[in-house]
Amino acid sequence: MKIYDWPTGPYPARVRIALAEKNLQSSVEFVPVNLWKGEHKRLAFLARNYSGTLPVLELDNGICLAECTAITVYLDALAGEPTLTGRTPLEKGVIQMMTKRAEIEMLDAISVYFHHATPGLGPDVEVYQNQEWGLRQRDKALRGMHYFDGVLRKQPFIAGDAFSMADIAVIGGFIFAKAVELPIPQECEALLTWFARMQERPSVRAQLAIVPPKH
Ligand SMILES: N[C@@H](CCC(=O)N[C@@H](CS(=O)(=O)O)C(=O)NCC(=O)O)C(=O)O
């Protein structure tokens, strides 16, 4: 299998952490795609992912899977423990809901802020920007952080009593927040404590230790 990504990208980090959790890293070849040069918007890449985003998992038979959640669901089904996407119907539903909520309320919101209210990937890639929209999404992400702080005051993990794909999605949010220098509000104590605990996991520690390649 091949993974087309950028090693330190927040969304690619979600798949890299999942791969490490499932001990599947040796099963994949990583192919860097330089976002700052717009390589993800070229026809050759768009043929792999119509949406022009990273990461993309390309199977040996040529089938391409995009979307972090979809890729994680596939990887989770490939190998054994730990289960990242739930064992029971309810666990599966709650993990999907909280993963999507992590995207809508935090990760995707920070991404919009990055692309619209900062220089983002540079003028050759950011062909349209709307600063007001970007700033509104930044504020939405800050509200989302308070929401997840509330969740973690009642339970140890984002989707309940066990580490899951939903935790990995919020970790992606933290990675993007750091990349755009958006601080986690200091009053979000439960969220900050949870993130410190997440960094005890070798999969997370290894991802955070990757030195960003020059672009
Ligand atoms: N919904 C997609 C979003 C993926 C995404 O936005 N990836 C970023 C990569 S990174 O910023 O996380 O490194 C991207 O391709 N951004 C390029 C662009 O939006 O032009 C997913 O879940 O995979």
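**Salt bridges and pockets**

Arg201 is partly exposed, with a relative accessible area of 23%. Partly exposed lies between buried (under 20%) and exposed (over 50%), using a 1.4 Å probe on protein chains only. The model is predicted, so local features need pLDDT of at least 70 and side-chain atom pairs 80 or more, while totals for chains, interfaces and linings use all residues. Residues are numbered from 1 along each chain as its sequence is written, and side-chain values use heavy atoms, without hydrogens or water.

Start with the partner of Arg201. A salt bridge (a Lys or Arg side-chain nitrogen within 4 Å of an Asp or Glu carboxyl oxygen) joins Arg201 to Glu21, with the closest N and O atoms 2.8 Å apart. Arg201 sits in the loop between α7 (189-198) and α8, and Glu21 in helix α1, so this pair ties together parts 180 residues apart in sequence. Helices here are DSSP runs of H or I, at least four residues long, numbered from the N terminus. Glu21 is buried, at 12% relative accessible area.

The structure holds nine salt bridges. Another joins the side chains of Arg14 and Glu103, 2.8 Å from N to O. Arg14 belongs to helix α1 and Glu103 to helix α4, so the pair links parts that are 89 residues apart in sequence. Both Arg14 and Glu103 are buried.

Arg138 pairs with Asp139, their closest N and O atoms being 3.1 Å apart. Arg138 is partly exposed at 25% relative accessibility. Asp139 is also partly exposed, at 32%. Elsewhere, salt bridges with shared partners join Arg14, Lys100 and Glu103 into one network.

Now turn to the open space. A pocket is an open set of points on a 1 Å grid, with protein on both sides within 12 Å along at least five of seven lines; its lining residues have an atom within 4 Å of a point. The largest pocket holds about 1300 Å³ of space. It is lined by 45 residues, and Gly9, Pro10, Tyr11, Pro12 and Phe176 are the closest to its centre. Helices α1 (10-21), α3 (68-78), α4 (89-117), α6 (165-179) and α8 (202-209) each supply at least two lining residues. By class, the lining has 24 nonpolar, 13 polar and eight charged residues.

The second largest pocket has a volume of about 240 Å³. Its lining has 14 residues, with Glu91, Ile95, Ala159, Asp161 and Ala162 nearest the centre.

Terms used
On a 1 Å grid over the protein atoms alone, a cavity is a set of points where a 1.4 Å probe fits but cannot get out, and a pocket is an open set with protein on both sides within 12 Å along at least five of seven lines; lining residues have an atom within 4 Å of a point. Grid points are joined across faces, edges and corners, and a volume is the space filled by probe spheres set on the points. Ala, Val, Leu, Ile, Met, Phe, Trp, Tyr, Cys and Pro count as nonpolar, Asp, Glu, Lys and Arg as charged, and the others, Gly among them, as polar.
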